[in-house]
Number of protein chains: 2
Amino acid sequence: MDYTTISPRELRALIRAGEITGQTSGMCAGYAQANLVILPKDLAFDFLLYTMRNPRPCPVLEVTDPGQRLFRTMADGADVATDLPRYRVYENGVLVDEPTDVSHLWRDDLVSFLIGCSFSFEAELMEAGVPVRNIEEHRNVPMYDTNIPCAPAGVFSGNMVVSMRPIPYDLVVRAVNVTAAMPRVHGAPIHIGDPAQIGIRDISKPDYGEAVTINPGEVPVFWPCGVTPQNAVMRVKPPFVITHAPGHMFVTDVKNVELKY
Amino acid sequence: MDYTTISPRELRALIRAGEITGQTSGMCAGYAQANLVILPKDLAFDFLLYTMRNPRPCPVLEVTDPGQRLFRTMADGADVATDLPRYRVYENGVLVDEPTDVSHLWRDDLVSFLIGCSFSFEAELMEAGVPVRNIEEHRNVPMYDTNIPCAPAGVFSGNMVVSMRPIPYDLVVRAVNVTAAMPRVHGAPIHIGDPAQIGIRDISKPDYGEAVTINPGEVPVFWPCGVTPQNAVMRVKPPFVITHAPGHMFVTDVKNVELKY
């Protein structure tokens, strides 16, 4: 079966049935994929406030009521406990399991956050003729810790993490315009050019992901990154948190192009 | 002293000192005024979710950490418990007091919400040459219950309340464009024309505020209204809630024009 062309609903049914447990990259082409964070309600207020105060690195697409397993707006009727191919379960900051289903861990106080992902704007960049180096080189996008502070909220704090894509100098404005039109998936770049300005010492040594080639005539362009809220959560070492496993995303019923509106 | 030209900081100092206890309409011309809702933390998560799911009627400008009395982004260092001229205190849905200071009622679990107000876009409409009838006639804007459902969140639910301004037919598009550019203060209209389409039976009998003249050649234009979240809160009859007294708003340090960005 060609997973790039089936509908998100069909894909999630296969995932729910345990027939797909791998990474979702490239599946259901054109549809938005999202990061997942599940927290107990007593931390969820602070986290919701954190995402609201830092919408650039933490663009929330949907939040469930406490205990509610079904999404409504991003994928009507999708079950957050079964419809991702793999999860990570942390207790007090320690990774304790990577199951393909978290139904057995479900609690009435759990709140689920879907957070937009740069996959969505990479498709739009390529559509607009802007090269995306990490895709060309089949690597994870390089990501960096910065000196850009996020606004704290309750127990959550930390500096922004950014992703970097080298852009030919004559396409930088186009890359800004294309991504600025998609604020629900990180929006416009947060910085263009000299990495030292935002506290990055060595562009060839990303803190997460993999380095990519920067050619002469290309400018490093930095976007707010969804690792920011993940780090903010992990820094707190909450008693209990569930996330997607890296690359094993939630596939929504919403097309990337719809995130422009 | 001319309160239309003093700075918001000066105005709030006079309010804090008890020298101003009346309505804030027209004070600190050009600066945004905001609605206030203060709720205990156990309801604040549901309410934050409600505002997030219904950003058109509930455009949140700032939310404090629990127990925190000082604002940061809308008015740095302003004290929510002293810097409004008059408050309303409700217990189990019953109005129990209208004090000019709520310091004595402060609790460590209280969360304050500042919500954008249509005052901000009315100034921009007039600047753009669009008449604002309720201002011309020195009346409160007419507001109506509708059949437009809001997305529920936890204990909060209800239909949208709208405000209405009659606009000459050749200025309707301009009115849409001017307000669409200000999503943090309700944004574009939610409906243009026939009131029956959104469940309003008699345009001459508003559910809140006062009726205004609709001249021949004018179209009733409806915007999402901040009474929506107030109603959602009151329907729940929370054990304890504080709001601004009607017309006694929080005056921010942010100019109306800055809410375009």
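Author: Buried means under 20% relative accessible area, exposed means over 50%, and partly exposed lies in between (1.4 Å probe, protein chains only). This is a predicted model: local features need pLDDT of at least 70, side-chain atom pairs count only at pLDDT 80 or more, and totals for chains, interfaces and linings use all residues. Residues are numbered from 1 along each chain as its sequence is written, chains are lettered from A and ligands numbered from 1 in the order in which they are written, and side-chain values use heavy atoms, with hydrogens and water left out.

Reader: How many salt bridges are there over all chains?

Author: A salt bridge needs a side-chain nitrogen of Lys or Arg within 4 Å of a carboxyl oxygen of Asp or Glu. By this rule, the count over all chains is 22.

Reader: What is the relative accessible area of A:Glu136?

Author: A:Glu136 has a salt-bridge partner, A:Arg133, with the closest N and O atoms 2.8 Å apart. A:Arg133 is buried, at 5% relative accessible area. A:Glu136 is partly exposed because its relative accessible area is 45%.

Reader: Which helix holds both A:Glu136 and A:Arg133?

Author: Helices (H or I, at least four residues) and strands (E, at least two) are DSSP runs, numbered from the N terminus. An α-helix has 3.6 residues a turn, so residues three or four places apart point the same way. A:Glu136 and A:Arg133 are three residues apart, about one turn, and both belong to chain A's helix H4 (residues 133-136).

Reader: How many residues apart are B:Asp79 and B:Arg69?

Author: B:Asp79 and B:Arg69 form a salt bridge, 2.7 Å from N to O. Both sit in the loop between strand S2 (60-63) and strand S3 (87-91) of chain B, yet the pair links distant parts of the chain, with a separation of 10 residues.

Reader: Is B:Asp79 buried or exposed?

Author: B:Arg69, its salt-bridge partner, is partly exposed, at 23% relative accessible area. B:Asp79 has 11% relative accessibility, so it counts as buried.

Reader: Which residue forms a salt bridge with B:Arg139?

Author: B:Arg139 is partly exposed, at 36% relative accessible area. The closest N and O atoms are 3.4 Å apart, and the partner is B:Glu137.

Reader: Which residues are joined into one network by salt bridges that share partners?

Author: A:Glu136 and A:Arg133 are already paired. Through shared partners, the network is made up of A:Arg133, A:Glu136 and A:Glu218.

Reader: What do the buried residues of H3(A) pack against?

Author: In helix H3 (residues 119-127) of chain A, the buried residues include A:Phe121 and A:Leu125. Contact means heavy atoms within 4.5 Å. The buried residues of H3(A) pack against strand S1 (31-40), H4, strand S7 (159-168), helix H5 (172-180) and strand S9 (218-224) of chain A.

Reader: Which residue follows H3(B)?

Author: Helix H3 (residues 119-127) of chain B has buried residues, among them B:Ser120 and B:Glu122. A positive phi, near 85 degrees, marks the residue that follows H3(B): B:Gly129.

Reader: Which strands stand at the edges, each with a single partner strand?

Author: Two strands pair if DSSP finds at least two bridges between them. Four strands of chain A form an open antiparallel sheet in the order S6-S7-S9-S8. One side of each edge strand is left without a neighbour in the sheet, because each has a single partner; these are chain A's strand S6 (143-149) and strand S8 (191-192).

Reader: What is the bridge partner of A:Pro149 in S7(A)?

Author: S6(A) and S7(A) pair in the antiparallel sense over four bridges. In S7(A), A:Pro149 is bridged to A:Asn159.
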